[in-house]
Amino acid sequence: MISEGDYVIFFYGKKKWLTKVEKGKKIHTHIGIINVDNIIGKPYGISLETNKGKIVYALKPTIYDFIMKMDRLTQIVYPKDLGYIVARTGLSSGDKVIEIGTGSGALTTFLASIVKPTGHVYTYDINEEFVSIARKNITKVGLEEYVTFNIKDVRDIYDIRDADLIIVDLAEPWTVIDFVKRALKESKMMVSICPTMNQAERLSKELKKGFIDIECDEILVREIEAREGMTRPVFRMVAHTAYLVFARRLYDDSR
Ligand SMILES: C[S@@+](CC[C@H](N)C(=O)[O-])C[C@H]1O[C@@H](n2cnc3c(N)ncnc32)[C@H](O)[C@@H]1O
């Protein structure tokens, strides 16, 4: 049943509104006013009418919905890339992950949802304002106990040695390779999110010292509009987000 304080997605056609359920709340939309009181005490999936007679559905938000509706001041990592990162690295519940570049916390949120309840995400950023937004975003999803926020440059850290995965989302990822070498367990993976080929190329070259299984991937998702007798791809798609560079840490007896 939907209670006050829960989050809900109101769904109409392809439009979605994410909102916290509060008594007396009204959402003004192009299809009329949605009266939130009408869903309190009702089951998720229920339909309701706006004051213009349009039918909307109240759905339970998924991690995908929370990420796509996040407050953001930075570019986020998109679900198409998030999913592949987890599949390619084998990240699982119980893992200790280090994220460099918290940004708006989209990736942080997804990572926390995978490693919980016994794993943890340690995320680093140098911008306090971004971290404060990321903190709010993660609290909204209820995953804050699985994340430690650090306002710090990882290049100054020397005492971490047991990360199961390190994710780098910075403009110059090669500048943190020495930290990755110190902090990542042998044979475990790092992945870097590189918006341009130049970044992916330079990083791949620099990773040749100390890493193996270096691979650069791009993930494309093309939505198909499935309609009887008229099925075809949609006209618009996200053509580019980032290149993903994966690498595995080699054993190093000088560590
Ligand atoms: C593209 S954003 C990260 C987006 C994030 N992964 C998400 O999904 O929301 C890059 C972030 O890296 C941070 N950053 C830049 N240089 C850094 C450094 N040396 N150490 C830590 N964070 C850094 C920036 O402040 C910015 O928030």
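Asp213 counts as exposed in this predicted model, because 12 C-beta neighbours lie inside 10 Å and a residue with 12 or fewer is classed as exposed. Asp213 belongs to strand β12, residues 211-217, and has a positive phi of about 55 degrees although it is not a glycine. Strand β12 is in turn part of an open sheet of 7 strands.

- The protein chain contains 6 helices and 15 strands.
- The protein chain is divided into domain 1, residues 7-61, and domain 2, residues 65-249.
- The centres of domain 1 and domain 2, taken over C-alpha atoms, are 32 Å apart.
- Along its principal axes, the C-alpha trace of the protein chain spans about 70 × 45 × 30 Å.
- Of the 255 residues in the protein chain, 33% are buried.
- Among contacts in the protein chain between residues at least 6 apart in sequence, 62% join residues at least 24 apart.

- The antiparallel strands β5 and β6 (residues 55-59) are joined by 3 bridges, and Glu49 stands opposite Ile55 in β6.

**The β3-β4 hairpin**

- Strand β3 (residues 26-29) pairs with strand β4 (residues 32-35) in the antiparallel sense over 4 bridges.
- The hairpin that joins β3 to β4 passes through 2 residues.
- Within this pair, Ile27 stands opposite Ile34 in β4.

- Lys60 is placed in the loop between β6 and α1 (63-68).
- Lys60 is classed as partly exposed because 13 other C-beta atoms lie within 10 Å.
- Although Lys60 and Asp6 are 54 residues apart along the chain, their C-alpha atoms are separated by 8.9 Å.

**The sheet of 7 strands**

- The open sheet of 7 strands has mixed pairing and the order β9-β8-β7-β10-β11-β15-β12.
- Strands β9 (147-151) and β12 stand at the edges with a single partner strand each, so one side of each has no neighbour in the sheet.
- The twist here averages 15 degrees from one strand to the next.
- Strand β7 (residues 96-100) and strand β10 (residues 163-168) pair in the parallel sense over 4 bridges, with Ile98 opposite Ile166 in β10.
- Helix α6 (residues 197-206) packs on the sheet and touches β11, β12 and β15 (243-249).
- The direction of helix α6 makes about 10 degrees with that of β15.

**Helix α3**

- Helix α3 lies across β7, β8, β9 and β10, and runs at about 165 degrees to β8.
- Helix α3 is largely enclosed by the rest of the structure, because 10 of its 10 residues are buried.
- The buried residues of α3 include Ala106, Leu107, Phe110, Leu111, Ile114 and Val115, and Thr108, Thr109 and Ser113 are also among them.

**The shell around the ligand**

- Of the 21 residues around the ligand, those that come nearest are Gly101, Gly103, Ala106, Leu107 and Asn127.
- The elements that give two or more residues to this shell are α3 (106-115) and β8 (120-125).
- By class, the shell consists of 10 nonpolar, 8 polar and 3 charged residues.
- Ala106 and Leu107, both listed as nearest to the ligand, are also among the buried residues of α3.

**Backbone geometry**

- Most residues other than glycine have a negative phi, and most peptide bonds are trans.
- Ser187 has a positive phi, near 75 degrees, and is not a glycine.
- Ser187 is placed in strand β11 (residues 184-194) and is exposed, because 11 other C-beta atoms lie within 10 Å.
- A cis peptide bond, with omega of about 5 degrees, joins Lys116 and Pro117.
- Pro117 is found in the loop between α3 and β8.

Conventions
Residues numbered from 1 in each chain as written. Predicted model: local features only at pLDDT ≥ 70, side-chain atom pairs only at ≥ 80, totals over all residues. Domains from an automatic or database assignment. Near = placed C-beta within 6 Å. Nonpolar A, V, L, I, M, F, W, Y, C, P; charged D, E, K, R; others polar. Pairing = 2+ DSSP bridges. Buried ≥ 20, exposed ≤ 12 C-beta atoms within 10 Å, placed from the backbone. Contact = placed C-beta atoms within 7 Å. Axes fitted to C-alpha atoms, helices over the stretch in contact; angles between N-to-C directions.
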